[in-house]
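This briefing gathers selected side-chain and backbone features of one protein model. Please read the points below alongside the sequence and the coordinates.

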Amino acid sequence: MQVYTLHEGSYSVDATKKFIPFDPSIHNAKDRPASLFIHVQPFLIKLNDSLILLDTGLGYSNAEGKLHLHENIKNAGFDPADVELVLMSHLHFDHSGGMVHNVDGKMELSFPNATCVIQRGEWETAFSSTSSSYHTDIFDYVQRNAQIKLIEGNGNLTPEIGYELTGAHCPYHQVFLISDGEKKVFFGGDVLPEPEELIRKFIAKYDFDGRKAMELREEFGLKAAEEKWNCLFYHSKSKSQAFIELDDDRFKIV
């Protein structure tokens, strides 16, 4: 099993929920008051002969109109058309925007040969929620054109891929644990988006259930240390992939 970080860039986001590119070498954070500053990085996994994508990023394109996500996959040595599974932790725009892209003013599937795996409750929420975090136009198109597999609760998609309904960040958020028999890779989505969140305990206002999210981070951190998981951090500003160790009951990022 091989894991590739597909770094889409750094962004600021304020109450409007718009993600604006942020480059600290040319931009000043003081010019963007009341903003969060985040990195966005989906992950590509080569498992046996299959390509698996974990979340799809914002779906932004470069100056030539080419999808950043596609270019990153090509730079890793693969063809985006060969992606077989797209595993979605949840459907907030910064995780689902790249499910589609615009070509000559028309919407197209970014991964037309892939099956998108989504919690049924999250899929239904994406159409019924009034939150600007969900872009319904994307899901309308995906529903009509993509291969979708709706799952519920906890279980195994394949013998190698397990999923767990966590809620916490949003009511139907899920995480994935992928194993090839030797290596174990954990993707915590926005329940565990940054390694530093293991080191300091806090309740985040942006979570649906902040206390549960905090408790889950502790739970997953302990399992990661015990079972030697390679943890993937979608919004990390430091290490996008890391192992976790315990040092006198404190988490250490390796």
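**Aromatic pairs**

With a relative accessibility of 0%, Phe139 counts as buried. The model is a predicted one. Ten aromatic pairs occur in the structure, and the salt bridges number seven.

- Phe139 has a ring partner in Trp123: the ring centres are 6.0 Å apart and the planes stand at 70°, so the pair is edge-to-face.
- Because Trp123 belongs to helix H3 and Phe139 to helix H4 (residues 136-145), this pair ties together parts that are 16 residues apart in sequence.
- Trp123 is buried as well, its relative accessible area being 6%.
- Elsewhere, Phe43, Phe187 and Tyr234 are linked into a cluster by ring pairs.

**Charges over a ring**

- The ring of Phe202 has the charged end of Arg200 over it, at 4.6 Å from the ring centre.
- Arg217 also lies over the face of Phe202, with a distance of 4.7 Å to the ring centre.

**Nonpolar cores**

- In soluble globular proteins, nonpolar side chains tend to be buried together.
- The largest nonpolar core here comprises 54 residues, and those with the most contacts inside it are Ile45, Leu54, Val83, Leu87, Leu91 and Met99.
- Another core, of 18 residues, lies apart from the largest one; Ala168, Val191, Ala225 and Trp229 are among its members.
- Leaving aside residues up to four places away in sequence, Ile45 touches Met1, Gln2, Val3, Ser50, Leu51, Ile52, Leu54, Ile178 and Val185.

- Ser12 is placed in strand S2 (residues 9-13).
- Its relative accessibility is 2%, so Ser12 counts as buried, the cut-off being under 20%.
- When residues up to four places away in sequence are not counted, Ser12 touches Lys18, Phe19, Ile20, Phe22, Arg32, Ser35, Leu36 and Phe37.
- With one of these residues, Arg32, Ser12 makes a side-chain to side-chain polar contact of 2.9 Å.
- Between Ser12 and Asp79 there is a separation of 67 residues in sequence and a C-alpha to C-alpha distance of 30 Å.

**Salt bridges**

- Side chains of opposite charge can pair when their charged atoms come close.
- Glu152 and Arg120 form a salt bridge in which the closest N and O atoms are 3.0 Å apart.
- That pair links distant parts of the chain, 32 residues apart: Glu152 is in the loop between strand S11 (147-151) and strand S12 (155-156), while Arg120 is in helix H3 (residues 120-128).
- Glu152 counts as exposed at 55% relative accessibility, whereas Arg120 is partly exposed, with a relative accessible area of 32%.
- A salt bridge also joins Lys184 to Glu227, with 3.2 Å between the closest N and O atoms.
- Lys184 is partly exposed at 28% relative accessibility, and Glu227 is partly exposed with a relative accessible area of 33%.
- Lys201 and Glu218 meet through their side chains in a salt bridge with an N to O distance of 4.0 Å.
- Here the linked parts of the chain are distant, 17 residues apart: Lys201 is in the loop between helix H5 (196-199) and H6, and Glu218 is in helix H6.
- Lys201 counts as exposed at 63% relative accessibility, whereas Glu218 is partly exposed, its relative accessible area being 28%.

**Positive phi values**

- Most residues other than glycine have a negative phi, and most peptide bonds are trans.
- Ala34 has a positive phi, near 55°, although this residue is not glycine.
- The loop between strand S3 (19-21) and strand S4 (36-40) holds Ala34, which is exposed, with a relative accessible area of 75%.
- For Asp104, likewise a residue other than glycine, phi is positive and near 55°.
- Asp104 is found in the loop between strand S8 (100-103) and strand S9 (106-109) and is exposed, with a relative accessible area of 78%.

Definitions and conventions
Residues are numbered from 1 along each chain as its sequence is written. This is a predicted model: local features need pLDDT of at least 70, side-chain atom pairs count only at pLDDT 80 or more; totals for chains, interfaces and linings use all residues. Side-chain values use heavy atoms; hydrogens and water are left out. A nonpolar core is a set of buried Ala, Val, Leu, Ile, Met, Phe, Trp, Tyr and Cys residues joined through side-chain atoms within 4.5 Å. Buried means under 20% relative accessible area, exposed over 50%, partly exposed in between (1.4 Å probe, protein chains only). Contact means heavy atoms within 4.5 Å. Helices (H or I, at least four residues) and strands (E, at least two) are DSSP runs, numbered from the N terminus. A polar contact is a pair of N or O atoms within 3.5 Å; within protein, one must be able to donate a hydrogen and the other to accept it, and residues adjacent in sequence count only if both atoms are side-chain atoms. Rings of Phe, Tyr and Trp (its six-membered ring) pair if their centres lie within 6.5 Å; planes under 30 degrees apart count as stacked, over 60 as edge-to-face and the rest as tilted. A charge sits over a ring if NZ of Lys or CZ of Arg is within 6 Å of the ring centre and within 35 degrees of the ring normal.
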